[in-house]
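This briefing treats selected helices, loop residues and the surroundings of the ligand. Please keep the sequence and the structure in view while reading.

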Amino acid sequence: MDDLNKPILTGTAATDYERYLRTDELLALQKSPAEVVHRDEHLFQTVHQSSELWLKLACLEFEQATAFVSADAVAGAVRLLRRATDCMDLLIAQIHMLEHISPGDYARVRTALGHGAGFDSPGFRRVHQISPLAGAAFDALLARRSVVLMDVYRRGYELDDLYQLAEQLLTWDERTILWRFHHLKVVERIIGGNVIGTQGTPVEVLGKRIDVRFFPALWAVRDEISRQSPLGADGHGSR
Ligand code: HEM
């Protein structure tokens with residue numbers, strides 16, 4: 001009988017668990033205690049590196065969802081978009097771990113960062129690249145089905161596949177906006193709201209960028225529904 005404790009996967013680590021997950025390489029990607037300028041670099045690196053991993057997964061799922069939309073496989077797209085938005089929720093939850101770092105200690109951590117800034121996050125760059133592509137795939141799907149967005153929301157059925165897809169795309173947009181909001185509050189708590197970042201961007205600019213929207217039509221359709229409602233028509237339901 002095979003010895004189940006013996007590794008069978010390729011690699012040099014002692015066990016298949018470590019070989020499969022490549023834990024030797026993974027756990028060598030952080031600075032050692034001897035290398036850090038302040039011990040809170042461990043927390044800082046853990047949050048950032050794990051954020052990049054979750055973003056990588058979110059984008060992978062999101063891109064496959066977009067391919068499903070283009071192939072008229074809407075149920076599959078909705079399923080994967082749900083995963084992608086849940087990844088974004090994990091990012092929102094974990095960014096608050098950074099509030100365990102005191103402003104004074106972070107001033108030390110910051111000296112190790114060079115000109116590194118979140119604008120260069122590969123994960124968030126990809127989010128910005130792929131989100132408009134999903135919007136275009138959704139518009140093309142509506143055109144193939146000969147419906148406009150308002151038709152989808154007028155029907156509004158919970159079982160309508162286009163409605164489900166539209167709502168899931170909106171959730172992605174909303175969660176990304178919410179992440180930016182949480183990020184800003186964490187930044188204000190740690191370095192303040194009236195200073196500049198490691199790449200020279202004033203923190204105030206982050207506040208102005210919070211509400212970047214990937215799918216403006218999905219937000220606007222709500223305005224339209226309110227305007228067309230009986231309350232909207234007599235001027236009480238809309239501005
Ligand atoms: C100690 C915690 C953090 C601080 C003090 C901080 C600070 C900042 C500042 C000041 C900026 C403006 C750019 C600049 O530096 O000049 C920025 C941008 C950004 N940061 Fe952070 N950040 C923190 C954590 C994170 C984390 C965990 C992520 C996740 C990957 C992240 C991702 C980003 C992104 C994507 C931007 C660009 C935002 C946009 O496009 O509007 N940051 N951050």
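Aspartate 72 is exposed, because 12 other C-beta atoms lie within 10 Å of its own; a residue counts as exposed with 12 or fewer such atoms, as buried with 20 or more, and as partly exposed in between, the C-beta atoms being placed from the backbone. Aspartate 72 lies in the loop between H3 and H4. Helices such as these are DSSP runs of H or I with at least four residues, strands are runs of E with at least two, and both are numbered from the N terminus.

The model is predicted: local features need pLDDT of at least 70, side-chain atom pairs count only at pLDDT 80 or more, and totals for chains, interfaces and linings use all residues. Residue numbers start from 1 along each chain as its sequence is written.

**Residues with a positive phi**

- Most residues other than glycine have a negative phi.
- Aspartate 72 has a phi near 60°, a positive value in a residue other than glycine.
- Serine 146 is not a glycine either, and its phi is positive, at about 55°.
- The position of serine 146 is in the loop between H6 and helix H7 (149-155).
- Serine 146 counts as exposed because it has 7 C-beta neighbours inside 10 Å.

**Packing of H3 with H6**

- The axes of H3 and helix H6 (residues 122-144) come within 9 Å and cross at roughly 15°; axes are lines fitted to C-alpha atoms, for helices over the stretch in contact, and angles run from 0 to 180 degrees between N-to-C directions.
- H3 is therefore roughly parallel to H6, given that angles under 35 degrees count as roughly parallel, over 145 as roughly antiparallel, 65 to 115 as roughly perpendicular and the rest as oblique.
- H3 and H6 cross in a left-handed sense: a crossing is left-handed if the near helix is turned anticlockwise from the far one by less than a right angle, and right-handed if clockwise.
- The residues in contact include Leu55, Cys59 and Phe62 of H3 and Val127, Ile130 and Leu133 of H6; two residues are in contact if their C-beta atoms, placed from the backbone, lie within 7 Å.
- By class, the contact of H3 with H6 has 14 nonpolar, four polar and four charged residues; Ala, Val, Leu, Ile, Met, Phe, Trp, Tyr, Cys and Pro count as nonpolar, Asp, Glu, Lys and Arg as charged, and the others, Gly among them, as polar.

**Packing around H4**

- H3 also packs with helix H4 (residues 74-95), at an angle of about 165° and with the axes 8 Å apart.
- That angle makes H3 roughly antiparallel to H4.
- The crossing of H3 and H4 is left-handed, and their contact has 19 nonpolar, five polar and two charged residues.
- Between H4 and H8 the angle is about 15°, and the axes are 9 Å apart.
- H4 and H8 are therefore roughly parallel to each other.
- H4 and H8 have a left-handed crossing, and the residues of their contact divide into 17 nonpolar, seven polar and four charged.

**Surroundings of the ligand**

- Of the 25 residues around the ligand, Ala117, Gly118, Gly197, Gln199 and Thr201 come nearest; a residue is near a molecule or strand if its C-beta atom, placed from the backbone, lies within 6 Å of it.
- Helix H3 (41-70), helix H8 (161-190) and helix H9 (203-209) are the elements that give two or more residues to this shell.
- H8 gives the most, with five residues.
- The shell is made up of 13 nonpolar, 10 polar and two charged residues.
- Glutamine 199 lies in the loop between H8 and H9, and it is partly exposed because 13 other C-beta atoms lie within 10 Å.
- Not counting residues up to four places away in sequence, glutamine 199 touches His115, Ala117 and Phe119.

**Two further loop residues**

- Isoleucine 210 is in the loop between H9 and helix H10 (216-228).
- With 15 other C-beta atoms within 10 Å, isoleucine 210 is partly exposed.
- Neighbours within four places in sequence aside, isoleucine 210 is in contact with Ile177, Arg180, Phe181 and Leu184.
- Threonine 111 is placed in the loop between helix H5 (103-109) and H6.
- Threonine 111 is exposed, with 9 other C-beta atoms within 10 Å.
- Threonine 111 and valine 37 are 74 residues apart in sequence, and their C-alpha atoms are 7.9 Å apart in space.
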